[in-house]
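Hello,

Here is the structure I promised to pass on. Please open it first, then read my notes below.

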Amino acid sequence: MGGSTGLTRTIVGTGAVNGMDYIDIRFAGTTAGTFTTLLMEVASIIAATNGQTWTGSAHIAIIGGSATNVSSTTLVTNILDSGGTVLTQQTQPLTLSDTLTRLSVTGTIASAAAAYVRPLIGINYASGMAVDITLQIALPQLEQGASVSSVIRTSGSAGTRAVETLTISGLAACGFVDGSTYPAAIVFDDDTTAAINLVASGGAVSLSSTGVKPVKSISMSGSAL
């Protein structure tokens, strides 16, 4: 952690909810500074280069106290040089509730000196304010790509997972015939598109490699699914 001068920081809970490991951290006291940062990795670990797009995410909720006197909370990806000095930041202001919600920040590196990236959560406030807020944080993730993908649960080192497959079933009721090939238009989460052919089998079609870009919508033969 960085900053948080004047605040007592206490881990008040850990565990798992819906398969997600979490930690509960309480920040309480009268601020003597203007920010707290929860650094989710050390500076010189996640290698990165100019032109890459990175997406950071975390499940976050307010489970105790309130956001009173907290001016903003942000999800941030730091862009660092080879010495671990911050060059720029990719920042996304957050709207938090008492429901654990996955939030994300995406940006493209635009610095020739970039060597590393680092994810963090920022809590901002004015000096001399009474603050008492408890955040629940689950499964933070930083990945190269233009949008979030399924979380990879890790322990101490980076991890990978198999390519995901999206299966859409119940197509027989819509008039799709097994063994037939249907042109499909795909819109991804970043609004890019692709045109492919899908073959119906068992009343379903499957699309692999969707872990690279989440699918927003698919249309086949003019029928939106």
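In what order do the five strands of the open sheet lie? The order is E2-E3-E11-E6-E9, and the pairing is antiparallel. At the edges sit strand E2 (7-17) and strand E9 (101-108). Each of these two pairs on one side only. On average, neighbouring strands of this sheet are turned by 30° against each other, with direction ignored. Bear in mind that this is a predicted model.

E2 runs antiparallel to strand E3, which covers residues 20-30. Ten bridges join the two. One place to look is leucine 7, which has glycine 29 of E3 standing opposite.

Next, the chain as a whole. How many helices and how many strands does the chain have? The count is zero helices and 17 strands. The chain has 225 residues, and 40% of them count as buried. Its C-alpha trace spans about 70 × 40 × 30 Å along the principal axes.

Contacts come next. Take those between residues at least 6 apart in sequence. Of these, 72% join residues at least 24 apart.

Last, surface and charge. The accessible surface of the chain is about 11200 Å². Carbon and sulfur atoms account for 51% of that surface. The chain carries 8 positive and 12 negative charges. How far apart are the mean positions of the two groups? They lie 5 Å apart.

Over to you.

Best wishes

Note on methods
Residues are numbered from 1 along each chain as its sequence is written. This is a predicted model: local features need pLDDT of at least 70, side-chain atom pairs count only at pLDDT 80 or more; totals for chains, interfaces and linings use all residues. Side-chain values use heavy atoms; hydrogens and water are left out. Two strands pair if DSSP finds at least two bridges between them. Helices (H or I, at least four residues) and strands (E, at least two) are DSSP runs, numbered from the N terminus. Axes are lines fitted to C-alpha atoms, for helices over the stretch in contact, and angles run from 0 to 180 degrees between N-to-C directions. Buried means under 20% relative accessible area, exposed over 50%, partly exposed in between (1.4 Å probe, protein chains only). Contact means heavy atoms within 4.5 Å. Accessible areas come from the Shrake-Rupley method with a 1.4 Å probe; for residues, only the protein chains shown count as cover. Lys and Arg count as positive and Asp and Glu as negative; His and the chain ends are not counted. The place of a charge is taken as NZ of Lys, CZ of Arg, CG of Asp or CD of Glu.
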